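Okay, thanks for coming, everyone.

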Amino acid sequence: MTTVWHNGSVWVDQHTSTHAVAARDGVICALGEDALALLASASQSIDLQGRTATPGFGDGHAHPVFGGIETLFAPVRGHTSLESRSEE
């Protein structure tokens with residue numbers, strides 16, 4: 001299944017945006033004019049109506065203090081014995 005989002009702003013990364021994006025089976029396969037070229041054969045097209053899309057944007061973050069504290073200790077979470085830890 002191919003989906004094309006078009007007629008808006010598609011955020012690609014911190015320095016790049018484009019006006020269209022296409023995804024095939026959930027994986028981005030084309031940007032900009034290349035994505036628009038897939039419109040005729042797309043299973044689905046979504047008109048962004050000038051809005052912004054942020055594909056794949058995830059809020060992965062850490063709180064610096066807690067992230068730093070966690071690195072001070074051995075990674076033993078989920079282990080119940082030394083043997084299970086040494087198998088990794």
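So, the accessible surface of this protein is about 6700 Å², and 56% of that belongs to carbon and sulfur atoms; areas here are Shrake-Rupley with a 1.4 Å probe, and for residues only the protein chains shown count as cover. Bear in mind it's a predicted model, where local features need pLDDT of at least 70 and side-chain atom pairs pLDDT 80 or more, while totals for chains, interfaces and linings use all residues. Numbering runs from 1 along each chain as its sequence is written, and side-chain values use heavy atoms, with hydrogens and water left out.

On to the fold. We have 3 helices and 5 strands, in the order β-β-β-α-β-β-α-α. Those are DSSP runs, H or I of at least four residues for helices and E of at least two for strands, numbered from the N terminus.

Now the strands, which pair if DSSP finds at least two bridges between them. Strand 1, residues 2–13, runs antiparallel to strand 2, residues 16–24, over 8 bridges, and the hairpin they form has 2 residues between them. Strand 2 is also antiparallel to strand 3, residues 27–31, with 4 bridges.

Last, how much is buried? Of the 88 residues, 20% are, buried being under 20% relative accessible area, exposed over 50%, and partly exposed in between (1.4 Å probe, protein chains only).
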